[in-house]
Amino acid sequence: MLKIRRIYNARWRHKKKKGILFIFLLFLVFVRFSKGSLYKDFYYYISKPFWPGQFQREVISKSLDQEFLIKSKQLEKDNKRLRELLSLQRLSDSDTISAAVISRKNGSWWRQIILNKGSKDGVEVGSPVIGPGGLLGRVKSTSFLTSSVILLTSPESKVGVWIDRVQTQGLLVGTGNDYPKLIFYTKDVDVKVGDFVSSSPASTLLPPNIPVGIIQSVDKKSNSKKTVNVLLLGKPQAIDWVQILKVKI
Amino acid sequence: MDKFFKKNLSVISFIFIPILFLWHPNWLGIMRIQPYWPLFWLLPWSMIYGPINGLIVGLFLGIILDSISIGGGFTQIPGLILSGIWFGRFTKDNNTLVAHFRYGLLCAIGSFLCGSLYSLQFFIQDSPDNKLLLFFPSVKNVLAQVFLTGLFAPLFCSQLFGLFKRSK
């Protein structure tokens, strides 16, 4: 039988530690209002010796090949379709910020990565983050030295995407596992396994045509909508370097 | 200075829980899911200092962990508070084997409580369309986390228990 504590003795509180407790409470308030930026900046310094090197090409080369193939196809189509609209956004090197992943939580509910670039480097909340393969997520918050990115697999992530083959838009919703769901709010969409998913031209959160993933399986049809599983091209578990896009949508 | 550190080792170790939470060592997890780290600290603390202190520290832990994780409108505070109160009702067993088993069991149940309460917030706040989509991943996350927390609890909790006892 588990022995239950019957008489509670609050010795800890009666000791003369009010000063320490007060400082601790102040610390808590500070952490709360700074959204943990102190911790993230502290983590920046203590994790610095362990930041990733540049030897991960083998791990990501497959994703890169896929990305380039899909991207070139997409650009070719875009050139034909949008020849008259050359004033579309174009990203040059100066519009991106390279950053290393210094903390990675890509399991359970909290699916986020922390990057070693923050507001000091010009990172803004809402900026899209891409890695080898494609889109990874968006910057959710920044501290002076770091920025936190919400991944596409997070249950809170919802972004508009585009299926180019059938010229249809859908909503990519993170579900807390590695395969986010793509929801079409019409049951008659002719999507197939292998269809390429990119960011939507109509999205107000992301620039258009960033590779996102490939349709992996199609769920059973429900009355009013269709859901499919998406295999993401960007693999947050293997990526150590990312690009933060500085674009105004 | 040395005496100060020895006396306040438990409070100092508290500061490092969020660091561990951010570090997220993947090699310790299953399916990239980690044990629920704060419970390893909360259990020995609450067992030594009682349910009220468990409640207060659960609240503090929740506030800090919510601050560093992207959680939007979701919070870990209710689960940690309830776990803190519940853990405070138990004392350490003299039999080492039973004590270790108890750490594992209590942490596993605490993890189930925290995980379920966190998932429940998704179901309450999310749109009806997404509720079903989130159900199975949530169950998987909760079960994996419960298993890992229960597995590692005897190792971490026994060490922390000794540390807290010495610094009391």
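A:Asn209 is found in the loop between strand S9 (196–199) and strand S10 (211–218) of chain A (helices, H or I with at least four residues, and strands, E with at least two, are DSSP runs numbered from the N terminus). You're looking at a predicted model, where local features need pLDDT of at least 70, side-chain atom pairs count only at pLDDT 80 or more, and totals for chains, interfaces and linings use all residues. Residues are numbered from 1 along each chain as its sequence is written, while chains are lettered from A and ligands numbered from 1 in the order in which they are written.

**Chain A overall**

- Chain A has 4 helices and 12 strands.
- Of its 249 residues, 39% are buried (buried takes 20 or more other C-beta atoms within 10 Å of the residue's own, exposed takes 12 or fewer, and partly exposed is in between, with C-beta atoms placed from the backbone).
- Take the contacts in chain A with a separation of 6 or more: 61% of them join residues 24 or more positions apart (a contact means C-beta atoms, placed from the backbone, within 7 Å).

**Where chain A touches chain B**

- The contact draws 40 residues from chain A and 38 residues from chain B.
- On the chain A side, helix H2 (18–33), helix H3 (37–47) and strands S1 (96–105), S2 (112–115), S5 (147–151) and S8 (181–184) each supply at least two residues.
- By class, that side of chain A has 16 nonpolar, 14 polar and 10 charged residues (Ala, Val, Leu, Ile, Met, Phe, Trp, Tyr, Cys and Pro are nonpolar, Asp, Glu, Lys and Arg are charged, and the others, Gly among them, are polar).

**A helix pair across the two chains**

- H2(A) packs on H5(B) at an angle of about 30 degrees, with the axes 8 Å apart (axes are lines fitted to C-alpha atoms, for helices over the stretch in contact, and angles run from 0 to 180 degrees between N-to-C directions).
- H2(A) and H5(B) are therefore roughly parallel to each other (under 35 degrees is roughly parallel, over 145 roughly antiparallel, 65 to 115 roughly perpendicular, and the rest oblique).
- Their crossing is left-handed (the near helix is turned anticlockwise from the far one by less than a right angle; clockwise would be right-handed).
- A:Leu28, A:Val31 and A:Arg32 of H2(A) make this contact with B:Phe60, B:Ile63, B:Ile64 and B:Ser67 of H5(B).

**Helix pairs inside chain B**

- Helix H5 (residues 51–68) and helix H6 (residues 77–87) of chain B pack at about 155 degrees, with axes 7 Å apart, which makes H5(B) roughly antiparallel to H6(B).
- The H5(B)–H6(B) crossing is right-handed.
- Residues meeting here include B:Gly54, B:Val57, B:Gly58 and B:Leu61 in H5(B), and B:Leu80, B:Ser83, B:Gly84 and B:Phe87 in H6(B).
- The residues of this contact come out as 11 nonpolar, 5 polar and 1 charged.
- Helix H4 (residues 37–49) of chain B packs on H6(B) at about 35 degrees, with axes 8 Å apart, and this crossing is right-handed.
- In that pair, B:Pro38, B:Leu39, B:Leu42, B:Leu43, B:Ser46 and B:Met47 of H4(B) meet B:Leu80, B:Ser83, B:Gly84 and B:Phe87 of H6(B).
- The H4(B)–H6(B) contact divides into 7 nonpolar, 3 polar and no charged residues.

**The nonpolar core**

- The largest nonpolar core has 88 residues, and A:Val242, B:Phe40, B:Leu42, B:Leu43 and B:Cys107 touch the most other members (a core is a set of buried Ala, Val, Leu, Ile, Met, Phe, Trp, Tyr and Cys residues joined through C-beta atoms within 7 Å).
- Beyond four places in sequence, the contacts of B:Leu42 include B:Gly54, B:Val57, B:Leu61, B:Leu80 and B:Phe87.

- A:Asn209 has a positive phi of about 60 degrees although it is not a glycine, and it counts as buried because it has 20 C-beta neighbours inside 10 Å.
- A:Lys35, in the loop between H2 and H3 of chain A, has a positive phi of about 55 degrees and isn't a glycine either; with 18 C-beta neighbours inside 10 Å, A:Lys35 is partly exposed.
- A:Lys117 lies in the loop between S2 and strand S3 (128–131) of chain A and is buried, with 21 C-beta neighbours inside 10 Å.
- Leaving out residues up to four places away in sequence, A:Lys117 touches A:Ile97, A:Ala99, A:Val123, A:Ser147 and A:Ile244.
- A:Glu76 sits in helix H4 (residues 57–81) of chain A and is exposed, with 10 other C-beta atoms within 10 Å.

Definitions and conventions
Two residues are in contact if their C-beta atoms, placed from the backbone, lie within 7 Å.
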